[in-house]
Amino acid sequence: MTDRRQQQESLYRFPYHYLLQLDESGGFSRFMALSWGFGYLCCLLNAAEEILAAAPASILDVGCGDGRLLSLLAGRTDAALTGIDNSEKAIALARALNPGRNFIAGGLDGFNEKSACVSCLDVLEHIADGETAGFIDRICDLVQPGGRLIVGVPSVNRPFSSKHYRHYSESTLLAQLAAETRGLTVEKVRHVFNGSDRLFRLYSRLTCNRWWFIGCGSVETLVWRYVWQRLRQAEPATGHQILVTLRRPA
């Protein structure tokens, strides 16, 4: 493979230039600015670290979306990786950006393949109230004996999104999971990303708001290092994301 082709091949990864866009009014944007991007990446990387430390033989990501979590795990584990999502559009993107990985478009009804690790990140808040208990039953059933379930949800400290049915406190999440009644035990609870940090909030408001996005690569890198070193772990009163690890007895 030539050097030029290798350079081009290296670009086919997250993020890519498909983010260039025109909106319906003809407005142009060179990129998609995600105000919650720092917290999102903190949550994904924390979950990935925990999964890799457990060294499971198989990993199922429920509600995998575009496959970002599995893309962070690929090449760092020999585990069988599977993603499932009921959005065919999301799965098409996941397959395009993660060639050779196993992605399934559809719900959990009829899916019975158990895994050593089941992850479910930023999914429960999208499930309607009357359907949540049944959904949690299904993801718990997919955990092998001795295996783990990792659940991540937005905290009540994070601004509420109109796409969500609810945000969570630690107590409401644990009550909803009702782990003991489903044959699992709570192994760890982590509050992730201190989005209440004053310096970070000031930086975010000045550089990313409804009127403008100001970005400088070197500065963004410094801010990310600050976030990862000082803000990735939080307290219940400051965390924007909650990660719970549950385990099924062997």
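The model is predicted, so local features need pLDDT of at least 70 and side-chain atom pairs count only at pLDDT 80 or more, while totals for chains, interfaces and linings use all residues. Residues are numbered from 1 along each chain as its sequence is written, and side-chain values use heavy atoms, with hydrogens and water left out.

I start with α7, residues 198-207. Helices here are DSSP runs of H or I, at least four residues, and strands are runs of E, at least two, numbered from the N terminus. Phe200, Tyr203, Ser204 and Thr207 are buried, meaning under 20% relative accessible area; exposed is over 50%, and partly exposed lies in between (1.4 Å probe, protein chains only). Those buried residues fall within an arc of 100 degrees seen down the axis, so they line one face of α7; the arc is taken from the directions from the helix axis to the C-beta atoms. Arg198, Arg205 and Leu206, on the other side, are exposed.

Next, β8, residues 185-194, which is among the elements covering the buried residues of α7, contact being heavy atoms within 4.5 Å. β8 pairs with β10 in the antiparallel sense over eight bridges; pairing requires at least two DSSP bridges. Arg190 has Leu243 as its bridge partner in β10.

Arg190 also forms a salt bridge with Glu50, closest N and O atoms 2.5 Å apart. Arg190 is in β8 and Glu50 in α2, so the pair ties together parts 140 residues apart in sequence. A salt bridge is a side-chain nitrogen of Lys or Arg within 4 Å of a carboxyl oxygen of Asp or Glu. Arg190 is buried at 16%, and Glu50 is buried at 14%.
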